[in-house]
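Visitor: Please show me the model. I have a few questions about it.

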Amino acid sequence: MPDPIHSSRDLADADPILRSTWLEIKRRWESHFPHWELRPTTVFRSPADHLVAFQLHRSNIDGTTKKGNHTFYPSRAID
């Protein structure tokens with residue numbers, strides 16, 4: 001599990017089914033667009049980072065009283 005204070009871009013922090021699906025999507029995308037690379041920007045998001053996103057109006061949930069899919073471990077979302 002990642003440090004609960006920091007967020008992660010590591011696919012190892014994603015749900016295994018989500019991770020394998022994402023890797024298949026990435027493979028297909030890059031086979032059609034060989035000059036483009038897909039990279040995750042966020043896999044796991046700590047409650048503290050989610051709260052900051054909420055305070056900056058980038059999220060509708062605060063990550064503490066209501067958890068987002070990135071806040072669960074393993075993560076249920078990949079951006």
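Visitor: At the start of α1, which residue has a side-chain oxygen that reaches the backbone nitrogen of I17?
Guide: Helices are DSSP runs of H or I, at least four residues, numbered from the N terminus. At the start of α1, the oxygen comes to within 3.0 Å of that nitrogen. The side chain belongs to D15.

Visitor: Is this an experimental or a predicted model, and how are residues numbered?
Guide: This is a predicted model, in which local features need pLDDT of at least 70, side-chain atom pairs count only at pLDDT 80 or more, and totals for chains, interfaces and linings use all residues. Side-chain values use heavy atoms, without hydrogens and water, and residues are numbered from 1 along each chain as its sequence is written.

Visitor: What does helix α1 reach from its first C-alpha to its last?
Guide: Helix α1 covers residues 16-32, which is 17 residues. The expected span is 1.5 Å times one less than the number of residues.

Visitor: Is R45 buried or exposed?
Guide: R45 sits in the loop between α1 and α2 (47-55). Its relative accessible area is 17%. Buried means under 20%, exposed over 50%, partly exposed in between (1.4 Å probe, protein chains only). So R45 is buried.

Visitor: Which residues is R45 in contact with, leaving aside neighbours within four places in sequence?
Guide: Contact means heavy atoms within 4.5 Å. By that rule, the partners of R45 are S7, H50, H70, T71 and D79.

Visitor: What share of the protein chain counts as buried?
Guide: The protein chain has 79 residues. R45 is buried. The buried share of the chain is 32%.

How values were computed:
Helices (H or I, at least four residues) and strands (E, at least two) are DSSP runs, numbered from the N terminus. A polar contact is a pair of N or O atoms within 3.5 Å; within protein, one must be able to donate a hydrogen and the other to accept it, and residues adjacent in sequence count only if both atoms are side-chain atoms.
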